[in-house]
Amino acid sequence: MQTENRNTTTRDTENVPQAGPAGPLAGRIALVAGATRGAGRALAVELGRAGATVYVTGRTTRARVSEVGRTTETIEETAEMVTAAGGVGIAVPTDHLDEGQVRALVERIDREHGRLDILVNDLWGGEHLLATSVFGRKSWETPLADGLRILELGARSHVITAALLLPLLIRSDAPLHVEVTDGTAHSNRRYRENMYYDLAKNAPIRLAFGLGQELAEYGGTAVAVSPGFLRSEQMLSHFGVSEENWRDAIAQEPAFAIAESPHYLARTVVALATDPDRGQRWNGRSTSSGELAKAYGVTDVDGSRPDAWAYFEDVTYGGKERSAEDYR
C-alpha cells in the first residue's frame with residue numbers, strides 16, 4: 001500500500017514542533033491548502049483539535065496581503081489556533097498557483113515527516129470577483145481576465161496542488177484527499193449562474209471522482225465536500241454582523257436563516273477522517289456538511305444540524321412553504 005517505508009528515511013525533525021495531547025488523529029500529518037479564513041481555517045483547527053499536525057497554507061500573512069484584500073485573517077493566526085486547540089499548527093506561506101512554491105512545500109513536508117495522511121484542498125479566494133464580474137452577468141459580459149482568474153483560483157490551483165502532493169499522500173497507510181467546493185454534484189446539476197463560476201465549482205467534484213479511482217489502489221479515499229450557506233468572516237462582514245448576532249442578517253437575506261458556521265463542515269470532515277470505513281462509504285463521491293452530519297451525528301456549534309442544500313432544493317427551487325428551522 002505504501003511506496004516508501006517510513007522508518008527507513010531520515011527526517012529533519014530538529015526544528016519541527018512536536019505533537020501535543022493524543023486525539024483520534026494523533027500522529028497524523030495533514031495539510032489544509034487555503035487555510036487563511038472560512039472553512040479552511042476551521043478545518044485546520046478541528047483537525048488540530050483531533051490531535052493532528054496541520055500544515056496551513058495561504059497567501060495572506062502578517063507581512064503580506066493577497067488580492068482578497070483582508071488583513072484581519074492570516075495563516076500565522078490560523079496555525080496558532082490549531083496549536084491552541086491541541087494540535088500542531090505550522091504556517092507555510094504558499095501561492096498554490098506558483099508551482100515552485102508548492103514544490104517547496106512538498107519538500108518541506110517530506111523532509112520533516114516523509115508522508116502526508118490528509119490533504120484538504122480548500123483553495124479559492126475569488127469572492128471579490130463575484131459581485132462585479134459574475135453574478136447577474138452572461139459569460140460574454142464577464143471580463144475575460146476575471147473569468148480566467150476565477151478558473152485559476154478555483155480549478156487550476158486545485159490541480160497543481162493535487163498533482164504535486166499526491167506522491168506524498170500515497171505514502172500514508174490510509175490516504176484521505178478532500179476537495180472543498182461550493183455545491184454538490186446533485187445541487188450543481190443546476191447552472192451556477194455564470195460559466196466561469198460553474199466550471200470552477202464543478203471541477204473539484206470531478207477531481208475527487210477521478211482521484212478516488214486512482215487512490216483506491218493505495219487504500220485511499222477522495223471526496224468532494226461542500227458547506228451550505230457559510231457564515232465565513234467575509235460573509236459576516238458583507239452583512240455587517242458577527243458570529244454572535246448573525247441572525248440579525250436574516251432581515252436582509254431570509255435564506256441566511258439556514259446559515260452554518262465554518263466549524264460545522266470541519267467537524268464532519270474530522271468524523272470522515274476517523275472513519276475506518278470511509279473508503280467504502282464515500283470514495284469518489286460528492287457530499288455536503290448536512291449529509292455528513294447526519295451520517296456521523298455531528299452538530300454545529302449551536303447544537304443544530306442544518307442542511308442548507310436540502311432547504312435550497314425544497315424551498316428556494318421547489319417552492320415548498322417551509323421554514324429554515326425545519327432544516328436545522
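Biologist: In the strands of this model, which residue of strand 5 does V120 stand opposite?

Modeller: V120 stands opposite V178 in strand 5. This is a predicted model, in which local features need pLDDT of at least 70, side-chain atom pairs count only at pLDDT 80 or more, and totals for chains, interfaces and linings use all residues. Residues are numbered from 1 along each chain as its sequence is written, and side-chain values use heavy atoms, with hydrogens and water left out.

Biologist: How many bridges join strand 4 to strand 5, and in which sense do they pair?

Modeller: Strands are DSSP runs of E with at least two residues, helices are runs of H or I with at least four, and both are numbered from the N terminus; two strands pair if DSSP finds at least two bridges between them. Strand 4 and strand 5 (residues 176-180) pair in the parallel sense over 4 bridges. Strand 1 (residues 29-33) also runs parallel to strand 4, joined to it by 4 bridges, and V32 has V120 as its bridge partner there.

Biologist: Which way do the residues of strand 4 point, and are they buried or exposed?

Modeller: In a regular strand the side chains alternate between the two faces of the sheet. In strand 4 (residues 118-121), I118 and V120 point one way while L119 and N121 point the other way, and all are buried, where buried means under 20% relative accessible area, exposed over 50% and partly exposed in between, with a 1.4 Å probe and protein chains only.

Biologist: How should I read the packing of helix 5 and helix 6?

Modeller: Two packed helices are described by the angle between their axes and the distance between the axes. The axes are lines fitted to C-alpha atoms over the stretch in contact, with angles from 0 to 180 degrees between N-to-C directions. Helix 5 (residues 144-169) and helix 6 (residues 195-215) have axes that come within 9 Å and cross at roughly 15°. The two helices are therefore roughly parallel to each other, a term for angles under 35 degrees, with over 145 counted as roughly antiparallel, 65 to 115 as roughly perpendicular and the rest as oblique.

Biologist: What about helix 3 and helix 5?

Modeller: Helix 3 (residues 99-113) packs on helix 5 at an angle of about 20°, with the axes 10 Å apart, and that makes helix 3 roughly parallel to helix 5.

Biologist: Where is I205 found, and is I205 buried or exposed?

Modeller: I205 is found in helix 6 and is buried, with a relative accessible area of 9%. From C-alpha to C-alpha, I205 and V178 are 10.0 Å apart in space and 27 residues apart in sequence.
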